[in-house]
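Here are my notes on this model. Please read them with the structure open.

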Amino acid sequence: MSTPSLTRFATRLAMLLSLCALIGAGPAIAAAPTRTSLPEIERQVMCVTCKIPLNVAESPQATRERVFIRSLIARGLDEGQVKDQLVDQYGASVLGLPADHGFNAAAYLVPLAAVIVLAGTFFLLLPRWRRRARAQALAESPPTPLAAPDAARLESDLARFD
């Protein structure tokens, strides 16, 4: 084999081996639990007294919540378990977003339904509006011609600027 073909063969072999390693490690990577972090939880929960996200809250209650979250993370709880413990401790108002089941699902579904209804109404009315505008444009009479003195004055003004 020549040197360029040997280089191509080695490159392809390396690519194939790395692909096999990735395929073999894929399930292991997917199965590896992700470690919960305080900043990740802070972005998703609220300070129960300040009513603002915990990551920007600066109050004694926010500090107590952070200490509680750190203790839960130190015990090895994942994100969902930490949130469940926070809800048990402080109530559902600690969550930044409402639950996506039960009556709370309305917080997601009502705005979505409103957007769909408004878009549908717009697309139903748009052709009607365009037809009406076209009909009005055709119904209007053509502009009346200028009177003789006005036309003469316009021509003289245009000739002066040429």
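Predicted model: local features only at pLDDT ≥ 70, side-chain atom pairs only at ≥ 80, totals over all residues.

1. H4 itself covers residues 79-90, twelve residues in total.

2. Next, the packing of H4 with helix H3. Two packed helices are described by the angle between their axes and the distance between the axes. H3 is made of residues 60-74. The axes of H3 and H4 come within 10 Å and cross at roughly 135 degrees. H3 is therefore oblique to H4. The crossing of H3 past H4 is right-handed.

3. Which residues make this contact? From H3 they are Gln 61, Arg 64, Glu 65, Phe 68, Ile 69, Leu 72 and Ile 73. From H4 they are Val 82, Gln 85, Leu 86, Gln 89 and Tyr 90. Sorted by class, the H3 contact with H4 has seven nonpolar residues, three polar and two charged.

4. Now Glu 42, which sits in helix H2, residues 38-42. Is Glu 42 buried or exposed? Its relative accessible area is 11%. The cut-off for buried is under 20%, so Glu 42 counts as buried.

5. What does Glu 42 touch, leaving aside its neighbours within four places in sequence? Glu 42 is in contact with Leu 54, Asn 55 and Arg 66. Please check these contacts of Glu 42 on the display.

Conventions. Residues numbered from 1 in each chain as written. Heavy atoms only, no water. Helix = DSSP H or I, 4+ residues; strand = E, 2+ residues; numbered from the N terminus. Expected span 1.5 Å × (residues − 1). Axes fitted to C-alpha atoms, helices over the stretch in contact; angles between N-to-C directions. Parallel < 35°, antiparallel > 145°, perpendicular 65-115°, else oblique. Left-handed = near helix turned anticlockwise from the far one by under 90°. Contact = heavy atoms within 4.5 Å. Nonpolar A, V, L, I, M, F, W, Y, C, P; charged D, E, K, R; others polar. Buried < 20%, exposed > 50% of the residue type's maximum accessible area, 1.4 Å probe, protein only.
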